[in-house]
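Q: I'm new to this one and would like a close look at a single part. Could you walk me through it once the structure is up?

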Amino acid sequence: MRSSLIILAFFALGLALGISNWFPGSWVSANAGEYALYFLMLIVGVGIGADPNSLVALKALNFRILLVPISTIVGTTMGVALFWLVFSTHTFSDTIAVGYGFGYYSLSSIFISQARGETLGVIALLANIIREIITLLLAPMFALYFGKLAPIAAGGATSMDTTLPIITKASGKEYAIVSLFHGIVLTVLVPFLVTLVLNFF
């Protein structure tokens, strides 16, 4: 929860600095977001490659564990499609792209901002932060009423890092590997799915 609040605080600080025109214009117009994206992709790769638990999760791969991220993708698609049918404030592809952040707010919001503008990027950032916060707050309730895999699905890409402790506590230590693998798969898929939706639909 604290890490999410820190992210929100930095976002609010950046917003305030942007409104006050504190940064030089050359900084704002530069491709800072693109460079940050490259750095984030590097960090994701290093994090997955250096974590010994990642290798354990991959060795434990079988058909059933693969169904967990697939179910999350299908469920997210259905939930976002329902939201779009009810509210329809943006195009279907833009709405799906926001959902396909799977809680990975930093990476997905940069992709979406570059492709569709900063307004939709901010929506993606807030929507995916809210997904993480909901998982942190309600994981025990999800596990109790919807099953042990529910907190993992709710966490999306964050099930490999920030929400992993609360997921393990709510679902049990035996689900830690499933949660880790689920988060790794979705983290890798986020840039591909978001780019695919924005460019071809």
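This is a predicted model: local features need pLDDT of at least 70, side-chain atom pairs count only at pLDDT 80 or more; totals for chains, interfaces and linings use all residues.

In which helix is Pro140 found, and what can you tell me about that part?

A: Pro140 is found in helix α8, which covers residues 118-146. Pro140 is partly exposed, because its relative accessible area of 42% falls between the 20% and 50% cut-offs. If you look along the chain to Ala150, 10 residues from Pro140, the two C-alpha atoms are 9.5 Å apart.

Met141 belongs to a nonpolar patch on the surface, along with residues including Val122, Ile130, Leu137 and Phe146. Together, the patch residues have about 1000 Å² of accessible area.

Now for the aromatic rings. The structure holds 4 aromatic pairs. One of them joins Phe83 and Phe87, a tilted pair with 4.6 Å centre to centre and 35 degrees between the planes. Another tilted pair is Phe142 with Phe146, at 6.3 Å centre to centre and 55 degrees between the planes. Phe142 and Phe146 sit 4 residues apart in helix α8, so about one helical turn separates them. Phe142 is buried, at 17% relative accessible area, while Phe146 is exposed, at 63%.

Helix α8 also does some covering: it is among the elements over the buried residues of α6, together with α5, α7 and α11. Helix α6 (residues 92-99) has 7 of its 8 residues buried, including Ile96 and Val98.

Definitions and conventions: Residues are numbered from 1 along each chain as its sequence is written. Side-chain values use heavy atoms; hydrogens and water are left out. Helices (H or I, at least four residues) and strands (E, at least two) are DSSP runs, numbered from the N terminus. Buried means under 20% relative accessible area, exposed over 50%, partly exposed in between (1.4 Å probe, protein chains only). Patches are made of residues with over 30% relative accessible area and no salt bridge: like charges are joined within 9 Å, nonpolar side chains (Val, Leu, Ile, Met, Phe, Trp, Tyr) within 5 Å. Accessible areas come from the Shrake-Rupley method with a 1.4 Å probe; for residues, only the protein chains shown count as cover. A salt bridge is a side-chain nitrogen of Lys or Arg within 4 Å of a carboxyl oxygen of Asp or Glu. Contact means heavy atoms within 4.5 Å. Rings of Phe, Tyr and Trp (its six-membered ring) pair if their centres lie within 6.5 Å; planes under 30 degrees apart count as stacked, over 60 as edge-to-face and the rest as tilted.
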